[in-house]
Amino acid sequence: MRIHTFGDKTKQPVMLIHGMLNPWQIWETAIEVFSKEYYVIVPELDAHTEEETTTFQSIEKEAEELRRYLMENTGGHLFLLGGLSMGGRIAATLAGLPGIRVENLVLDGAPLLKVSKLMVGFMRKAYVGIIRKSRRRDPKVLASAKRDFLPEKYIPDYLKVADHMEEESIRNILDSVFSAFAYKKYSEDCRILFLHGTKGNESVSKKAAVKMKSINPQTEIMCFEGYAHAQLASFEQEKWVTTVSEWLSK
């Protein structure tokens, strides 16, 4: 794992956590906007490091490593903790760890539900194939990525991630992300925004949002009709930033 920071360290800290197969640069627009007012911290998660090969072991290990970093650098405090997809699961885990105090938690498409082993096996085969073909620069896979996964300008960054990602990490990510999630009752002072779409596998995020609100009534759910998983943050990040900024100002 590597940590990137932006802005004035004396200002309120914000952490943004990317999703599976995302390069950390997916937060480029959010970094540009938030670093004017906050101190922005963006992890480059294990198995997603662009300059070296690192192994992803579990959501819990990633969260614990981030906890240690925050305890050493912000006293465990975050004004805003945001996570996209897998990053949302890490954020939700991190927010419940000892010593961590989060004022505003934003989860976008966070998969906080257990998925069947059959489905996980199907996803594992698909993702391993995507990574193998990405390493070969397969035109069909890259065209699909630009259409459904990442804006074209981030494809070179994604390919650096793919070139270093081990198949062991893919297995570990999927097994960990789609295991049962231990929901926590956060402090009432921790405001929560749960964003999700309606297409494809966003039904998992929708159910997770409802469960989160049942345990933490301060949760606000925003549904983006017709949006696919991670579409808002990945392809319309200016809208994502505006949505989050308006919610923060309430």
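In this predicted model, the largest nonpolar core comprises 87 residues, with Phe34, Leu81, Leu105, Leu112 and Trp240 having the most contacts inside it; such a core joins buried (under 20% relative accessible area, 1.4 Å probe, protein chains only) Ala, Val, Leu, Ile, Met, Phe, Trp, Tyr and Cys residues through side-chain atoms within 4.5 Å. Leaving aside neighbours within four places in sequence, Trp240 is in contact (heavy atoms within 4.5 Å) with residues including Trp27, Phe34, Asp108, Leu195 and Leu232. Residues are numbered from 1 along each chain, and side-chain values use heavy atoms, without hydrogens or water. Local features require pLDDT of at least 70 and side-chain atom pairs 80 or more, whereas totals for chains, interfaces and linings use all residues.

One cavity of 30 Å³ or more was found, a cavity being a set of points on a 1 Å grid where a 1.4 Å probe fits but cannot get out, with lining residues having an atom within 4 Å of a point. The largest cavity holds about 60 Å³ of space, and its lining includes Asp108, Leu195 and Leu232. Strand E6 (191-196) and H9 each give two or more residues to this lining.

The largest pocket, an open set of points with protein on both sides within 12 Å along at least five of seven lines, has a volume of about 1,100 Å³. Of the 39 residues lining this pocket, Tyr127, Asp148, Phe149, Asn201 and His229 lie nearest its centre. Helix H4 (117-135) is among the elements supplying at least two lining residues, and H4 gives the most, with eight.

Technical notes:
Grid points are joined across faces, edges and corners, and a volume is the space filled by probe spheres set on the points. Helices (H or I, at least four residues) and strands (E, at least two) are DSSP runs, numbered from the N terminus. Buried means under 20% relative accessible area, exposed over 50%, partly exposed in between (1.4 Å probe, protein chains only).
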